[in-house]
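Trainee: Could we take a close look at how the helices pack in this one? I'd like to see which residues meet there.

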Amino acid sequence: MAERDLPILLVRHAVAEDSHALGDEARALTPQGRAAFRQHAKKLARLTPLMGIITSPLVRAVQTAELLADALGLSHVEVHPALVPRKGAARDVLKLARDVGPGWALVGHNPSLERAAALALGHALPDKLRKGCAVALKPEGRAFSLQWMAAPGRSLRRP
């Protein structure tokens, strides 16, 4: 598959602990979240190849990105501050998606990812961005189209 034909994936982190003694940034994936996303990552790897993964530095996102990298046979995950959950992050996520281009997965958090997808598409997603969900966006100039959404344990959703 040619690079220009690859999507950009926006991937919400998998199910994580409710709290952590060291704070929100240190919350890790639960054993169930890790197992469910490991299976889901295999499904994502069958749907599309990727060239790289960029993640939020928060533990739960890094762990999700590492599981996805393993399923795709990628050896490296990059950390980027644009994916840190904060007010106004959606525009930074969308800029990063445009900068890296097709063939990359951006792993982060809601509401930033859901809002970034809505900005990219010009309308809201057809479904909620559940934990572990991936949204495949196809770049079309400065705009994007939705190719599919895939959530753990659910059928693939196409527009």
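Why do H1 and H2 count as oblique to each other?

Mentor: Good place to start! This is a predicted model, where local features need pLDDT of at least 70 and side-chain atom pairs count only at pLDDT 80 or more, while totals for chains, interfaces and linings use all residues. Residues are numbered from 1 along each chain as its sequence is written, and side-chain values use heavy atoms, leaving out hydrogens and water.

Now to your pair. The axes of H1 (31-47) and H2 (residues 59-72) come within 8 Å and cross at roughly 40°. H1 and H2 are therefore oblique to each other, because angles under 35 degrees count as roughly parallel, over 145 as roughly antiparallel, 65 to 115 as roughly perpendicular and the rest as oblique. The axes are lines fitted to C-alpha atoms over the stretch in contact, with angles from 0 to 180 degrees between N-to-C directions. Helices here are DSSP runs (H or I, at least four residues), as are strands (E, at least two), numbered from the N terminus.

The H1 and H2 crossing is right-handed, that is, the near helix is turned clockwise from the far one by less than a right angle. From H1, Arg34, Phe37, Arg38, Ala41, Lys42, Leu44 and Ala45 meet Gln63, Thr64, Leu67, Leu68, Ala71 and Leu72 of H2, where contact means heavy atoms within 4.5 Å. Sorted by class, the contact of H1 with H2 has 8 nonpolar, 2 polar and 3 charged residues. In this sorting Ala, Val, Leu, Ile, Met, Phe, Trp, Tyr, Cys and Pro are nonpolar, Asp, Glu, Lys and Arg are charged, and the others, Gly among them, are polar.

His40 sits in H1 and is buried, with a relative accessible area of 3% (buried is under 20%, exposed over 50%, partly exposed in between, using a 1.4 Å probe and protein chains only). Leaving out residues up to four places away in sequence, His40 touches Gly132, Ala134, Ala150, Ala151 and Pro152. Leu156, in the segment after strand E6 (143-150), is partly exposed at 29%. Counted with that sequence cut-off, Leu156 touches Lys43, Leu47, Trp148, Met149 and Ala150. The C-alpha atoms of Leu156 and Leu44 are 10.0 Å apart, although 112 residues separate them along the chain.

Beyond four places in sequence, the residues touched by His13 include Arg60, Ala61, Thr64 and His109.

The axes of H3 (residues 89-100) and H4 (residues 112-121) come within 8 Å and cross at roughly 60°, which makes H3 oblique to H4. The H3 and H4 crossing is right-handed. Ala89, Ala90, Arg91, Val93 and Leu94 in H3 meet Ser112, Leu113, Arg115, Ala116, Leu119 and Ala120 in H4. Those residues divide into 8 nonpolar, 1 polar and 2 charged. Ala120 is buried at 6% relative accessibility; beyond its neighbours within four places in sequence, Ala120 contacts Leu94, Leu137, Ala143 and Phe144.
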